[in-house]
Amino acid sequence: MIKKLSHATVYVLDQDRAKDFYVGKLGFEVRTDQSMGGFRWLTVGSKSQPYIELILMKIAPGPMLDEASAAQIRALLEKGAFGVGVLESSDVRKDYQELSKKGVRFNGPPQERPYGIETVMQDDSGNWFSLVQRPG
């Protein structure tokens, strides 16, 4: 029986740069950084959520991607075509101010929505995340 989701893949253009972004700007922690031959398994996660990890996966040909598929994903990522997920915050307005000062790109300031307060931010590779503060 499947019990839970433990990892989710976020494709990145450069793993070192992505690690700096997620750890240095977002405050995530490195969970695993292991090289296996020419492959690097790099995962990060929120300190307040120990049971799920984001795999910062370099786009490269390998067992799952041929060169043409890797090139297509790379082009879409560089274009900013991926909405990766939702990150929750206890104070979106404060996070928006602090992350903006660190150079994180947003599509605009936080807005009131039926589901809470939201803004949309972009990582250093071009992935978009909704940053949400739930009501109450």
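Is Trp41 buried, exposed or partly exposed in this structure? Trp41 is partly exposed, with a relative accessible area of 24%, where buried means under 20%, exposed over 50% and partly exposed in between, using a 1.4 Å probe and protein chains only.

Before I go on, please keep in mind that this is a predicted model, in which local features need pLDDT of at least 70 and side-chain atom pairs count only at pLDDT 80 or more, while totals for chains, interfaces and linings use all residues. Residues are numbered from 1 along each chain as its sequence is written, and side-chain values use heavy atoms, with hydrogens and water left out.

Let me turn to the aromatic rings. Searching the whole structure gives five aromatic pairs, a pair being rings of Phe, Tyr and Trp (its six-membered ring) with centres within 6.5 Å, called stacked if the planes are under 30 degrees apart, edge-to-face if over 60 and tilted for the rest. In one of them, the ring centres of Tyr22 and Phe129 are 6.3 Å apart and the planes stand at 75°, so this pair is edge-to-face. Tyr22 is buried at 1% relative accessibility, and Phe129 is buried as well, at 3%. Phe39 and Trp41 make a tilted pair, with 6.4 Å from centre to centre and 40° between the planes, and Phe39 is partly exposed at 35%.

A single aromatic cluster is formed by Phe21, Tyr22, Phe28 and Phe129.
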